[in-house]
Structure formats: C-alpha cells, structure tokens
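Thanks for asking me to look this one over. Here are my notes, written so that you can follow along with the structure open beside you.

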Amino acid sequence: MLDMNYNLVQVISRVGIELKHSGLRVVDACAFAGIDPATFILISNVYSFPDYSPSPEEVISANVKDIIRYLHGSHTYYTGIALSNLESSFDTLVEPCDENQKKVILKFFLDYKDELEKHFAREEEEVFPYVKALLDGHRPDGYSILDFERHHEDVDEKIEDMKNIVMKYLPSVCAEDLKMWILLSIYHLRDDLRRHTYVEDCILVPLVKQLERNGR
C-alpha cells in the first residue's frame, strides 16, 4: 500500500489504520481499523491522483462516519504536529534577525496559525455535531450544510503569502538550509490542505445534503 504511494501515510493514520497493518490487503487493513474499505479507497484516490474526480455514485455510497473520522484525524494532525513543527522551525529561522524583523515574521505565521485553528474549531464544534445528529435521526434547527458551504473559507491565500516570505523576503542572516526545509514543509501543508478541503467540499457536503433530503 505505502510502497505504491507514500502519500497514503497521511491517510492511514487519520482513519486509524496502524502502520503494522499497512502491508495487508486493503480490505483486511480496513477490517482491523473498523473502516469501510470503499470509503478508504475514495479518500486514498484523492491523495493519489491530482485530477481525481469521484463519480456521484462513489460519493453517495461513502460512509459519512468514516469521512468525519478522516477529517477529525486531519485536524488533529494539522494542529498537533504540522503547525507546531512549523512554528518551532520559524522560531529557529528568525533567531539571527533583529527584533522588529522577528516580530513581523512570527506575527504573520502566528496569525495564520490562529486563523487555521479557528477554521478547524468551527468544523469540530458546528459541522461534525450537526452531521452526527443527522445520523442519529435528528435535524437540528437553525443550521444546514449550506451554511458550511457559504462560509467555508479558502485557506490557500495566506499559505501562499507565507511561502513567498520564505522564498523572497527573509534577511540573508537566515540559514538557507532551514529556509529550504521550511519551504518544503509549507508546500506539503498546502497540498495536504487542498486535498482535505476537496474531501470536505466534494464528498462530505454532497453526503450531508443527501442525509438532509432523505434522513438517515
């Protein structure tokens, strides 16, 4: 599984598949994790093929709980690992800078981190409980998945700005090898977030609309 596409490391941990099971057949690995194999393959295809576009039938047949499981696991990874590692790297990178430069650079990153964490928190506190209520046969008043669609912010713009800061605007005292490492981390985060957003917009939203129309 992983030898064919190492990007799937980003998927298996988020759906609860242990590394020791990653060499098994997909159906067996998913059985150990308690995840629907077709849903796992659907998410894996998003990570494996840049132009992948699932059919409506593939989307509607996906398991909503497993999609939420993947999204929640992604949020945990972003806030607990990816952003923390980036913050630590930026702290080291700007250490030789003067105080004003440090403040400007770190403030930009910390503002972006705060914005992203609030973005995830809204989904954890509003969207996921709403979907779980629908699965339990309840339709909460005053909210629908259209509210999520209307207010689902693009998280790409600021990460592009952060990439440009590292590439073009950091003072020469900043270590070149560390700039390269941070740049790779930013590219990785950007691509991961795009796939994550695709799963939300093109898989979760249609599934929840179906739930809203037809009930559980």
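Leaving aside its neighbours within four places in sequence, which residues is F90 in contact with? I start there, and please keep in mind throughout that this is a predicted model.

1. **F90 and its surroundings.** Setting aside the neighbours within four places in sequence, F90 is in contact with I105, L106, F109, M162, V166, I182 and I186.

2. **The core around F90.** The largest nonpolar core has 65 residues, and F90 and L193 are those with the most contacts inside it. The elements giving two or more residues to this core are α1 (9–12), α2, α3, α5, α6, α7, α8 and α9. Of these, α9 gives the most, with 13 residues. As a general background, nonpolar side chains tend to be buried together in soluble globular proteins.

3. **Helix α2, inside and out.** In α2 (residues 26–33), the buried residues are A29, C30 and A33. Viewed down the axis of α2, these buried residues fall within an arc of 95°, so they line one face of the helix. On the other side of α2, A31 and F32 are exposed. The buried residues pack against α3 (37–48) and α5 (64–93). Just after the helix, G34 takes a positive phi of about 70°.

4. Leaving aside neighbours within four places in sequence, K163 is in contact with L183, I186, Y187 and R190. One of these, I186, is also in contact with F90.

5. **The partner of K163.** What does E160 form with K163? The two form a salt bridge, the closest N and O atoms being 2.9 Å apart. Both residues lie in helix α8, 3 residues apart, about one turn of the helix. E160 is buried, and so is K163. Salt bridges that share partners join E160, K163, R190, D191 and R194 into one network. In general, side chains of opposite charge can pair when their charged atoms come close.

6. The structure holds 17 salt bridges. One of them joins the side chains of K113 and E87, at 2.5 Å from N to O. K113 is buried, with a relative accessible area of 14%, whereas E87 counts as partly exposed at 22% relative accessibility.

7. **A bridge between α7 and α9.** The side chains of E149 and K209 also meet in a salt bridge, at 3.1 Å from N to O. Here too the pair links distant parts of the chain: E149 is in helix α7 (residues 145–150) and K209 in helix α9 (residues 176–214), 60 residues apart. Both ends are partly exposed: E149 has a relative accessible area of 36%, and K209 has one of 27%.

Notes. Residues numbered from 1 in each chain as written. Predicted model: local features only at pLDDT ≥ 70, side-chain atom pairs only at ≥ 80, totals over all residues. Heavy atoms only, no water. Buried < 20%, exposed > 50% of the residue type's maximum accessible area, 1.4 Å probe, protein only. Helix = DSSP H or I, 4+ residues; strand = E, 2+ residues; numbered from the N terminus. Arc of directions from axis to C-beta. Contact = heavy atoms within 4.5 Å. Salt bridge = Lys/Arg side-chain N within 4 Å of Asp/Glu carboxyl O. Core = buried A, V, L, I, M, F, W, Y, C linked by side-chain atoms within 4.5 Å.
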